[in-house]
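Dear colleague,

Please find the structure below. My notes on it follow.

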Amino acid sequence: MKKKKILFLPAGIGLAHVGRCSSLAKELKTRGYDIFFGIGKHSSIVVEKEGFPYQLISEVAWEIYEGKFRKLNPSIYSFEMIEKFVKEELALIRQEKPDLIVADIRPTAKISASIAKIPLVSILNVDAT
């Protein structure tokens, strides 16, 4: 029987998002699941330390988050950014062929999972649809 594959798509800003996913991924790996991460460069250090395979995908730069939050501006994502993220996520989904996607506050994961018709579990939910 083929192992089921789980693709994790955590938001890369704030290591808590990738940390939560990493903890869950470790447990799922012990239960026989194949694990793969799509992450931004900022959070790759956590996934590398844990030894999980991953591919870098676009992420919101820390400077954008910091600048917008300091000005109390919640509009972090532009249409162009969302479109780019979805294209990269869909390419990764086609490449890895996951059976399930687990996201942690990455708003485009819901869009990509819906388009690809892959079930999605959200650890911390955010909706950009």
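Buried here means under 20% relative accessible area, exposed means over 50%, and partly exposed is in between (1.4 Å probe, protein chains only). This is a predicted model, so local features need pLDDT of at least 70 and side-chain atom pairs count only at pLDDT 80 or more, while totals for chains, interfaces and linings use all residues. Residues are numbered from 1 along each chain as its sequence is written, and side-chain values use heavy atoms, with hydrogens and water left out.

Helix α5 first. It spans residues 108-116, and its buried residues are Thr 108, Ala 109, Ile 111, Ser 112 and Ala 113. Helices (H or I, at least four residues) and strands (E, at least two) are DSSP runs, numbered from the N terminus. The cover over the buried residues of α5 includes β1, α4 (79-96), β4 and β5 (120-122). Contact means heavy atoms within 4.5 Å. Just after α5, Lys 117 has a positive phi of about 60°.

Now the whole chain. It has five helices and five strands. From the N terminus, the order is β-α-β-α-β-α-α-β-α-β. Of its 129 residues, 41% count as buried. Take the contacts with a separation of 6 or more: residues 24 or more positions apart account for 52% of them. The chain exposes about 7400 Å², and carbon and sulfur atoms supply 58% of that. Areas come from the Shrake-Rupley method with a 1.4 Å probe; for residues, only the protein chains shown count as cover.

Next, strand β1 (residues 5-10). Six of its six residues are buried, so β1 is largely enclosed by the rest of the structure. Lys 5, Leu 7 and Leu 9 point one way; Ile 6, Phe 8 and Pro 10 point the other way. In a regular strand, side chains alternate between the two faces of the sheet.

Which strands pair with β1? Two strands pair if DSSP finds at least two bridges between them. Strand β2 (residues 34-39) runs parallel to β1, joined by four bridges. Leu 7 stands opposite Phe 36 there. Strand β4 (residues 100-104) also pairs with β1 in the parallel sense, over five bridges. Ala 103 in β4 is the bridge partner of Leu 9.

Tyr 33 sits in the loop between α1 (15-30) and β2. It counts as partly exposed, at 31% relative accessibility. Its C-alpha is 5.9 Å from that of Lys 3, although the two are 30 residues apart along the chain. Leaving out residues up to four places away in sequence, Tyr 33 touches Lys 4, Ile 6 and Leu 28.

Then the aromatics. Rings of Phe, Tyr and Trp (its six-membered ring) pair if their centres lie within 6.5 Å; planes under 30 degrees apart count as stacked, over 60 as edge-to-face and the rest as tilted. The count comes to two aromatic pairs. The rings of Phe 8 and Phe 37 have centres 5.0 Å apart and planes at 15°, so this pair is stacked. Phe 8 is in β1 and Phe 37 in β2, so the pair ties together parts 29 residues apart in sequence. Phe 37 and Phe 52 form a tilted pair, 5.4 Å centre to centre with 40° between the planes. Phe 52 lies in the loop between α2 (44-50) and β3 (54-56), so this pair links parts 15 residues apart in sequence. Phe 37 is buried at 0% relative accessibility, and Phe 52 is buried at 5%. Phe 8, Phe 37 and Phe 52 form one aromatic cluster.

Best wishes
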